Amino acid sequence: MTALHSALTGLAERQRVTADNIANVNTPGFLAGRTNFENALKSAVGNGATPAVSGGTVSRSLEPTNTNGNNVNLDSETVIATETGLRYQLALNALDGKYSLLRSALRTS
Amino acid sequence: MALFDAMSIAGSGMMAHRKWLDAVSDNISNINTASRTSDDAFKERMVDVQAVDYGSGDGGVRVAGVQFGSGEGRIVNEPDNPLADADGNVKYPDIDLGDQMAELMMAQRGYQANAAVIDRAKDAYQAALQLGKG
């Protein structure tokens with residue numbers, strides 16, 4: 001369950017960062033933010049350790065900028081926003097399944 | 001980190017783009033505003049935006065201020081104009097309608113993109129609020 005919680009936190013962070021990128025789609029000199037929580041989560045799950053519940057790390061995109069120093073691509077941000085939203089709902093469904101499992105276990109006892 | 005951050009961040013983007021739309025509509029509505037040659041012509045409004053640092057700050061964007069274009073304008077000979085000087089000249093603002101229309105489209109699309117983000121964030125938050133109900 002901690003892994004799911006960690007994934008949800010990371011995905012929520014990515015959604016915020018994407019919102020920040022789209023809010024700054026016309027801001028001169030703005031570099032798009034990129035969230036990574038998957039690597040830390042994967043290695044924690046692989047090692048059998050308890051994954052840390054954090055938003056992961058945010059780095060600045062090094063893609064080429066346009067003439068005003070901005071490198072936000074609205075199309076790729078929209079793809080990221082859609083994908084993140086769907087993955088967030090997937091993780092929520094999985095967590096919901098765990099909760100209903102616990103609920104039925106409590107009822108049978 | 002406040003609750004429902006993604007929505008307030010996209011809200012700041014909507015506001016910045018709306019201010020930009022306001023400035024562009026001000027420029028276009030005054031594109032034919034004549035003034036005396038002794039005065040400044042209507043000055044183009046340009047909105048200055050700045051990113052609010054994500055991490056140390058709340059993220060999003062803010063309007064840092066408004067900058068004005070040149071009031072030099074262009075001199076047009078219109079002897080019938082009540083504002084004309086002794087030589088029959090008046091001043092018109094030197095604003096390019098093509099530039100303004102391009103900016104209008106950029107501001108409009110930016111506004112729409114931020115509105116779409118709010119919609120998506122709302123869906124995700126609503127799903128999260130249903131957690132553990134079923």
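In chain A, helix α1 (residues 2-23) packs on helix α2 (residues 38-47) at an angle of about 175°, their axes being 10 Å apart. Helices here are DSSP runs of H or I of at least four residues, strands are runs of E of at least two, and both are numbered from the N terminus. Axes are lines fitted to C-alpha atoms, for helices over the stretch in contact, and angles run from 0 to 180 degrees between N-to-C directions. α1(A) and α2(A) are therefore roughly antiparallel to each other, a label for angles over 145 degrees. The model is predicted: local features need pLDDT of at least 70, side-chain atom pairs count only at pLDDT 80 or more, and totals for chains, interfaces and linings use all residues. Residues are numbered from 1 along each chain as its sequence is written, chains are lettered from A and ligands numbered from 1 in the order in which they are written, and side-chain values use heavy atoms, with hydrogens and water left out.

Which residues of α1(A) meet α2(A)? They are Ala3(A), Ser6(A), Ala7(A) and Arg14(A), and on the α2(A) side stand Glu38(A), Leu41(A) and Val45(A); contact means heavy atoms within 4.5 Å. Ala, Val, Leu, Ile, Met, Phe, Trp, Tyr, Cys and Pro count as nonpolar, Asp, Glu, Lys and Arg as charged, and the others, Gly among them, as polar.

I turn to chain B. Its helices α1 (residues 5-29) and α2 (residues 97-129) pack at about 160°, with axes 8 Å apart. That angle makes α1(B) roughly antiparallel to α2(B). Their contact comprises 19 nonpolar, 8 polar and 4 charged residues.

Next, the interface. In all, 32 residues of chain B touch 27 residues of chain A. The two chains bury about 2200 Å² between them, 63% of it on carbon and sulfur atoms; buried area is the accessible area (1.4 Å probe) lost on putting two parts together, summed over both. On the chain B side, Tyr54(B), Arg120(B) and Leu131(B) lose the most area to chain A, together 28% of what that side buries.

Arg120(B) also belongs to a helix contact between the chains: in α2(B), residues including Arg120(B) and Val117(B) meet Gln15(A), Ala19(A), Ile22(A) and Ala23(A) of α1(A). The axes of these two helices come within 9 Å and cross at roughly 165°.

How many salt bridges cross the interface of chain B and chain A? The rule, a side-chain nitrogen of Lys or Arg within 4 Å of a carboxyl oxygen of Asp or Glu, finds 0 there. One joins Glu63(A) to Arg34(A), with the closest N and O atoms 3.8 Å apart. This pair links distant parts of the chain, 29 residues apart.

Conventions
Angles under 35 degrees count as roughly parallel, over 145 as roughly antiparallel, 65 to 115 as roughly perpendicular and the rest as oblique.
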